Amino acid sequence: MANIEHGENRFFIETEGEKLAEITYVHSGDKQITVDHTYVSEKLRGQKIGNQLVEKVVEFARQENLKIVPECSFVVREFEKNKEYQDIVAK
């Protein structure tokens, strides 16, 4: 798994100040977050980095007892493909 860091409202990979990948979220209520953006640079494409970013935000939401509103199209597709994420989706 890549070295993914957690910053303010995002999980990301940076090298020497260059943003290589990130997934961002905003708090959208007391017990939920909206995942609104995913980015993976050309340098990291094809390495399942986007999937790893989704895993990190899901892990974070579960630890914090939050539900996720998937707004980003990539996250929507990942949630549809992976039934193990259904418990974390905001209804």
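Biologist: Where is glutamate 16 found?

Modeller: Glutamate 16 sits in the loop between E2 and strand E3 (18-27); strands here are DSSP runs (E, at least two residues), and helices are H or I runs of at least four, numbered from the N terminus. This is a predicted model, where local features need pLDDT of at least 70, side-chain atom pairs count only at pLDDT 80 or more, and totals for chains, interfaces and linings use all residues. Residues are numbered from 1 along each chain as its sequence is written, and side-chain values use heavy atoms, leaving out hydrogens and water.

Biologist: Why is glutamate 16 called exposed?

Modeller: Its relative accessible area is 83%, so glutamate 16 is exposed (buried is under 20%, exposed over 50%, partly exposed in between, with a 1.4 Å probe and protein chains only).

Biologist: And what makes asparagine 9 count as partly exposed?

Modeller: Asparagine 9 has 27% relative accessibility, so it falls in the partly exposed class. Asparagine 9 lies in the loop between strand E1 (5-7) and strand E2 (10-15).

Biologist: What is the phi of asparagine 9?

Modeller: Phi is near 60 degrees there, positive in a residue other than glycine. Most residues other than glycine have a negative phi.

Biologist: Why is H1 called roughly perpendicular to H2?

Modeller: The axes of helix H1 (residues 49-63) and helix H2 (residues 73-81) cross at roughly 80 degrees and come within 11 Å. That makes H1 roughly perpendicular to H2 (under 35 degrees is roughly parallel, over 145 roughly antiparallel, 65 to 115 roughly perpendicular, the rest oblique).

Technical notes:
Axes fitted to C-alpha atoms, helices over the stretch in contact; angles between N-to-C directions.
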